[in-house]
Amino acid sequence: MHDRHTRRFGLGTATALVMGNIIGGGIFLLPASVAPFGTVSLVAFGVLTVGALALALVFGRLARRHPDTGGPYVYAREAFGDFAGFLSAWSYWTMTWVSNAALAVAAVGYVHVLFPGHDSGGVDLAVALGALWLPALANFAGTRYVGAVQLVSTVLKFVPLLFIAVVGLFFFDPDNLGGFNETGGSAVGGMSAAAAILLYSYVGVESAAMSAGEVRDPERNVGRATVLGTLGAAVVYLLGTLAVFGTVTHDKLVDSKAPFSDAVNAMFGGHWGGTVIAGAAVISIVGALNGWTLMSAQSPYAAAKDGLFPAAFLTKRRGVPTFGVLAAAVLASALTVINYLTGAGGVFEILVLITTFSATVPYLLAAGAQIYFLLTGRRDKVRPARFARDLTLALVAFGFTFWLVAGAGYAAIYQGVLFLFAGILVYVWMAARRTVRDGSEGEQDAEDLAAADAADAVPGTATAAPDADADADADSDRVDAEPAVDAPKGTAPTAAK
């Protein structure tokens, strides 16, 4: 258990961690990405929000049961054993550092808008690496600084986005919306197609549960932070997308490279909107990298405590698993360097695609763990209404995550499964080391026991005397315990010696 003083995250900071990790850089292109499907994409967004909230509530319930660092890993291992726990931790870990590299590369594009005229591969690489290592340095400083950066960055990106979302409603023109279904097929097909793009907008909902060991009063605050953070992100997503749909004409929005910038320019005129939104995007990405860097270390730390990851991941300072932060930053940096120096964009895109599947593995196992806990619990200790509610939430969360898997596409699932199964080698290695170590300890214990038995058997130790005395005492007790009624009348019972 953590000491109370090591728990740095209050409710506000934990909520900012969830919201900041959910809202990355994708929000700034999202309206243009789904505009070709029509306003049916708003319906898809609403359905996804319900699924994300169900998943958030499930994580809150699980954190109340197991308020420990590691979140989904802890739940999967508790319910299904070491192998399931390892798969959860491995998937989550690989997803975090690969997606961090993608976020760093995305930040470069927005920096170009803020500081135009510096098109250079070397400068771009330096900017991307800086985007990775500045959050890593904040993590090395401890959870107090991680929380401060997360809180400030979340406020700085949430306020302008919410401003556009709310003010945009006053400039809303229904004629800009376009048709309900622009795909030419069925409305259900259009909604599913839009959902495939929107599905990963809520990845990060587990952030508070993953860092439960650093949250004060985690039994209460993890669930609250998860729901509040998801709701905050949903407000920005839904209202922001609606505002952009209503302020930018549909034909222009479909081809837009900066939909929020176009919305600001449509509302207030001029061309300053691009600079404002680019600044908000850079802040948003840096804040997301700050939170995801911490997440990249928490899952392997929890697994290392159980011997499922190398012991180096246990290195911790001021509440942050520092080796995990270092490992994730180095791996993400290597991937970023490969992207820029070799121009291997195809390889980079493949790895990013893998993360879309990897994110769903811990979610599926966590939702399955909640269903398992409910079905194997003491039914007499659970009120029927609460049982039915929690089971429904868990099933909705499982269905939502299953939809995530389906939306990832065949290529992502195929490549993701290969990458996931590659981790089996790591599991085999760690399991073999544990078996050898446990076997050595067992042999040592057997040798110690044999030595003790040999010492007891040495002549002259007189180990049998106490046993003889004990037997004599036992016989005496049995004689003394004979009932007095069996003695002949007029004879006094034998006095106890």
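I placed Val 276 in helix α13. I noted that the model is a predicted one.

I found Phe 268 in helix α12, which runs over residues 259-268. Its relative accessibility is 39%, so I wrote down Phe 268 as partly exposed. Setting aside residues up to four places away in sequence, I saw that Phe 268 touches Phe 163, Val 167 and Phe 171. I checked the pair Phe 268 and Phe 171: they are 97 residues apart in sequence, and their C-alpha atoms are 9.7 Å apart in space.

**Ser 299.** I went back to helix α13, residues 273-305, where Ser 299 also has its place. Is Ser 299 buried or exposed? I read a relative accessible area of 1%, and the cut-off for buried is under 20%, so Ser 299 is buried. Leaving out neighbours within four places in sequence, I found Ser 299 in contact with Tyr 73, Ala 89, Tyr 92 and Met 210.

**Core.** I looked up the largest nonpolar core, which has 133 residues. Which of them touch the most other members? I noted Tyr 75, Tyr 237 and Phe 309. I followed Phe 309 and, not counting residues up to four places away in sequence, found that it touches Phe 86, Ala 89, Trp 90, Trp 93, Pro 300, Ala 303, Ala 304 and Met 430. Ala 89 is on this list, and I had already met Ala 89 as a contact of Ser 299.

**Helix α16.** I checked the length of α16, residues 360-375. At 1.5 Å a residue, its 16 residues should span 22 Å, and I found the end C-alpha atoms 23 Å apart, which agrees. I also looked at burial: 13 of the 16 residues of α16 are buried, so the helix is largely enclosed by the rest of the structure.

**Asp 217.** Last, I looked at Asp 217, which lies in the loop between α9 (207-210) and α10 (218-247). I noted a positive phi of about 50 degrees, although Asp 217 is not a glycine.

Terms used: Residues are numbered from 1 along each chain as its sequence is written. This is a predicted model: local features need pLDDT of at least 70, side-chain atom pairs count only at pLDDT 80 or more; totals for chains, interfaces and linings use all residues. Side-chain values use heavy atoms; hydrogens and water are left out. Helices (H or I, at least four residues) and strands (E, at least two) are DSSP runs, numbered from the N terminus. Buried means under 20% relative accessible area, exposed over 50%, partly exposed in between (1.4 Å probe, protein chains only). Contact means heavy atoms within 4.5 Å. A nonpolar core is a set of buried Ala, Val, Leu, Ile, Met, Phe, Trp, Tyr and Cys residues joined through side-chain atoms within 4.5 Å. The expected span of a helix is 1.5 Å times one less than its number of residues.
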